[in-house]
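Subject: Structure for your files, with notes

Dear colleague,

Here is the structure I promised to pass on, and my notes on it follow directly below. Please read them with the model open beside you.

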2 protein chains.
Amino acid sequence: MALKEPKIIRNKEEMRNWSRTMRAQGKTIGLVPTMGFLHQGHLSLITEAQKHTHLIVVSIYVNPGQFAVNEDLSTYPSDFAGDIEKLKSIPNGVDVVFNPQNLYDYGFEREQSGVKKGEKEGGIVSCLEDEKGRGIGHETWIRVSELEKGMCGRSRPVFFRGVATVVAKLFNVIEPDVAVFGKKDYQQWRIIQRMVRDLDFAVKVIGSELMRDEDGLAMSSRNVHLSPQEREQALSISRALFEARSAAKKGKNICSELRRSMIESIEAAGGKIDYVEIVDQESLETVEDIKNGVVVCVAAWFGKVRLIDNMEIDAS
Amino acid sequence: MALKEPKIIRNKEEMRNWSRTMRAQGKTIGLVPTMGFLHQGHLSLITEAQKHTHLIVVSIYVNPGQFAVNEDLSTYPSDFAGDIEKLKSIPNGVDVVFNPQNLYDYGFEREQSGVKKGEKEGGIVSCLEDEKGRGIGHETWIRVSELEKGMCGRSRPVFFRGVATVVAKLFNVIEPDVAVFGKKDYQQWRIIQRMVRDLDFAVKVIGSELMRDEDGLAMSSRNVHLSPQEREQALSISRALFEARSAAKKGKNICSELRRSMIESIEAAGGKIDYVEIVDQESLETVEDIKNGVVVCVAAWFGKVRLIDNMEIDAS
């Protein structure tokens, strides 16, 4: 099979011109936004996107706006050449890789640095504002006020505003018809869906199932940072999720009990819990017992690596 | 001259379809967003828009999202039939009037009302959240964090988030190439410019000069609520602005002195000052003396009517 070489675009205007030219020819465009270091999970998003549109754009951009200054922006893994090879290996491939250098470069700097401004807000600053000379002057943020509050929003206070904002930027630059997000980042997926609805973006958002390695670990670019021992410990997350689902199916539907036993097993394996929550699949509000569709969401640290995972459970 | 009858569109999908059909025919689209009760100031925005695009859409929508619950949403003047007549009277007219009933209707209601949620936030709620059954579930807001802080942002805490959000919605529904905003709402114009830059909207934002009645009062839909006596008193605003500019041209460039004398004359006339600020034209940061281009901005109450006005002063 001939491999398809994706066109690599680094410039916003060129990207939008490509999209508009294609649209004028009657083509539809699917977007899969990524931060690179692609794994099978990303590739499954692309396969999903291919079902919906004629053309596929994959964006590869590590967004400083969604990392707080104490988070792992500087160690986030990357392998652009390897990513391109993986994309070429997908049946039918992808058409464009959008790989901008800096999405927050507006061509001039304001007199006052973003750092100073961030500090005014009470010390919560993203890496965007921390990196002098990059992104200076960016001050527009999208917030999805209810959905962003719980779970990852509690421990990562700038994360979802950064994600929502960069996704809006990507939508405005690429103008896709469809965008595919992984349900691995469940809260993110729901937030993007809500943003699209509330701001009337002309983009259909599709959630694609999370992918697990053979041992059960949810695929994540961050897994590469796990030592073999940590990886072994981290399997406690997926085990706890499968056990919770199985218990629920047997009628054990009191969430406080399910949560307690999950926390115990993950901690026993050596994990440090960020949260274990059982929430409504759409509103992400905590539920007390499993009546309607819920999703069990976990975030836990193994060494220096924070992992998230989740599992939908529908009412029995 | 034959009058041009604008097409009236009330539905988002129909609106977007119209725009996309026109764009596919090579036409460019200009948007003039309004809250209706049109006056000569609005008509001048339309004339400006006509210079830039083939087709003109005027939106008429009183946006509950930008009014706080204690503000004048319920008394905001409207006259749809009169507006249409005025639009027909403009040379070359307009092509579409977009007049949605409720831009925040997403076709279903969430279980929890927006009111309850708004209260959680500490009592600051917009009329959007206050009106039961309308807009329930909307929770995505755009904030332009620095530019929104001063001036009108201080006394109207939900105003700019409501404006930025509804303008983003209109951009996503109408997909215009150009949008024209009045420099009468100076801070709003700068906020929209910044939002468009920061979120990469493919829309060119144009600021159009404010219009004054013959007596000097800045045109505003709210002027209709002024009694003859209040209107007389309100002329103190434009007089103070012209005097400040004239004093600055004569070398009196210390802003604290200019402000003090403006405040004195407006108060002497019976106005209640909300703010008088002399700020940089782009950053809207307070300046101490007039070196570069500044804008003098005023908000003041006359009876129950809050009026705003401004004047750009360039360095002599």
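D177(B) is buried, with a relative accessible area of 18%, where buried stands for under 20% relative accessible area, exposed for over 50% and partly exposed for what lies in between, using a 1.4 Å probe and protein chains only. Its salt-bridge partner is R23(B), with the closest N and O atoms 3.2 Å apart; a salt bridge here is a side-chain nitrogen of Lys or Arg within 4 Å of a carboxyl oxygen of Asp or Glu. The pair links distant parts of the chain, 154 residues apart, since R23(B) sits in helix α1 (residues 12–24) of chain B and D177(B) in the loop between α7 (159–174) and β6 (178–182) of chain B. R23(B), for its part, is partly exposed, at a relative accessible area of 26%. Helices (H or I, at least four residues) and strands (E, at least two) are DSSP runs, numbered from the N terminus.

Before going further, please note that this is a predicted model, in which local features need pLDDT of at least 70 and side-chain atom pairs count only at pLDDT 80 or more, while totals for chains, interfaces and linings use all residues. Residues are numbered from 1 along each chain as its sequence is written, chains are lettered from A and ligands numbered from 1 in the order in which they are written, and side-chain values use heavy atoms, with hydrogens and water left out.

A second salt bridge within chain B joins R222(B) to D72(B), whose closest N and O atoms are 2.9 Å apart. This pair also links distant parts of the chain, 150 residues apart, with R222(B) in the loop between β7 and α9 (228–249) of chain B and D72(B) in the loop between β3 (55–60) and α3 (80–89) of chain B. R222(B) is buried, with a relative accessible area of 18%, whereas D72(B) is partly exposed at 23%. In chain A, E5(A), E85(A) and K88(A) are linked in a network of salt bridges, and the search over all chains finds 44 salt bridges in the whole structure.

On the interface, 42 residues of chain A are in contact (heavy atoms within 4.5 Å) with 42 residues of chain B. The area buried between the two chains, that is, the accessible area (1.4 Å probe) that two parts lose on being put together, summed over both, is about 3600 Å², of which carbon and sulfur atoms give 43%. On the chain A side, E139(A), R197(A) and D200(A) lose the most area to chain B, together 19% of what that side buries.

There are 6 salt bridges between chain A and chain B. Among them, D200(A) pairs with K12(B), the closest N and O atoms being 2.8 Å apart, and K12(A) pairs with D200(B) at 2.7 Å. The latter pair joins two chains, because K12(A) lies in helix α1 of chain A and D200(B) in the loop between α8 (186–198) and β7 (204–208) of chain B. Both K12(A) and D200(B) are buried.

The two chains also meet through strands, which count as paired if DSSP finds at least two bridges between them: β5(A) and strand β5 (residues 140–144) of chain B run antiparallel and are joined by 5 bridges. Within this pairing, V144(A) has T140(B) as its bridge partner.

Which strand of chain B has 5 of its 5 residues buried? That is β6(B), which is therefore largely enclosed by the rest of the structure. Both of its faces are covered, with V178(B), V180(B) and G182(B) buried on one side and A179(B) and F181(B) buried on the other. Strand β2 (residues 29–34) of chain B pairs with β6(B) in the parallel sense over 2 bridges, and L31(B) has A179(B) as its bridge partner there. β6(B) and β7(B) also run parallel, joined by 5 bridges, and in β7(B) the partner of A179(B) is V205(B).

In chain A, L31(A) belongs to strand β2 (residues 29–34) and counts as buried at 0% relative accessibility. Leaving aside its neighbours within four places in sequence, L31(A) is in contact with residues including V57(A), L170(A), I174(A) and A179(A).

With best wishes
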